[in-house]
Amino acid sequence: QNEPLSKDGTTFSDYEMFDYIPTTQAITVGIDPALGKSKGDYFAVTILRYDGKRFYATVKMYKIKATLMIDKLIALYIDLLKENVPIKIAIETVQFQEFFKDVLKKEASKVGIFLNIKEYKNSVSKDLRLQGLAPLIQDETILIDINDDLLIEEMMTYPKSPHDDLLDALEMAYRNFKSGGRVDYKMIERVKKDFTLKSKYANW
């Protein structure tokens with residue numbers, strides 16, 4: 001079951017991995033919520049770092065309640081603030097996913113974190129969007145975290161893989177990269193000093 005196709009038959013057959021994170025100039029986060037989707041889909045989160053030349057993709061996949069996912073994403077944002085670079089967030093907002101986005105922003109604002117979120121109501125077919133990632137991965141514009149077995153599995157079995165959530169989150173993160181972002185230095189310093197905030201959202 002879910003066995004990889006032969007390498008010659010896969011869209012993402014050629015890819016390069018990385019095992020360390022370089023000095024980062026900007027970060028985009030792609031979120032593909034499971035809300036409103038078929039049973040068995042996951043919350044997919046891609047962190048896409050840019051070092052001035054190439055992109056470094058790290059992914060996480062969760063199958064938990066939406067309320068718990070809110071805390072996970074706030075914890076992630078707090079961790080990323082420590083890198084002192086612009087952060088943008090891309091999230092798919094279709095049906096109940098838009099409600100999730102609104103709750104995420106509201107809960108973050110309660111602790112003084114104002115998320116820079118770009119909504120995507122995708123009108124282009126997912127297959128076309130994901131096909132557009134292939135040359136970027138093949139020419140090593142986008143590198144894949146060596147520990148991200150689930151993303152590699154999606155790539156090696158696409159388009160016959162049972163899930164493509166991580167690829168979808170990666171595509172949104174890359175698409176959102178050029179829309180800019182800014183560093184909120186006051187927020188960074190406050191998070192560093194606020195022990196209560198750091199301890200509440202200790203891990204993501």
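The mean pLDDT of the protein is 82. A score of at least 70 is reached by 77% of the residues. Residues 1–6 fall below 50, and this stretch has 11 contacts in the model beyond near neighbours in sequence. Where pLDDT is low, the predicted coordinates should not be read in detail.

The whole structure contains 11 salt bridges. One of them pairs Arg-54 with Glu-140, at an N to O distance of 3.4 Å. The two residues come from distant parts of the chain, 86 residues apart. Arg-54 sits in the loop between strand 3 (43–50) and strand 4 (55–62). Glu-140 sits in the loop between helix 4 (134–138) and strand 7 (142–145). Both side chains belong to partly exposed residues, with relative accessible areas of 30% for Arg-54 and 31% for Glu-140.

A salt bridge also joins Lys-101 to Glu-119, with 2.7 Å between the closest N and O atoms. It links helix 2 (residues 96–110), which holds Lys-101, to strand 6 (residues 117–120), which holds Glu-119. The partners are 18 residues apart. Lys-101 is buried, at 7% relative accessibility. Glu-119 is partly exposed, at 29%.

Lys-126 and Asp-168 form a further salt bridge, their closest N and O atoms lying 3.7 Å apart. Lys-126 belongs to helix 3 (residues 126–131) and Asp-168 to helix 6 (residues 165–176), so the bridge ties together parts 42 residues apart in sequence. Lys-126 is partly exposed, at 28%, whereas Asp-168 is buried, at 0%. Through shared partners, salt bridges connect Lys-126, Arg-129, Asp-164, Asp-168, Glu-171 and Arg-175 in one network.

Technical notes: Residues are numbered from 1 along each chain as its sequence is written. This is a predicted model: local features need pLDDT of at least 70, side-chain atom pairs count only at pLDDT 80 or more; totals for chains, interfaces and linings use all residues. Side-chain values use heavy atoms; hydrogens and water are left out. pLDDT is the predictor's confidence in each residue, from 0 to 100. Contact means heavy atoms within 4.5 Å. A salt bridge is a side-chain nitrogen of Lys or Arg within 4 Å of a carboxyl oxygen of Asp or Glu. Helices (H or I, at least four residues) and strands (E, at least two) are DSSP runs, numbered from the N terminus. Buried means under 20% relative accessible area, exposed over 50%, partly exposed in between (1.4 Å probe, protein chains only).
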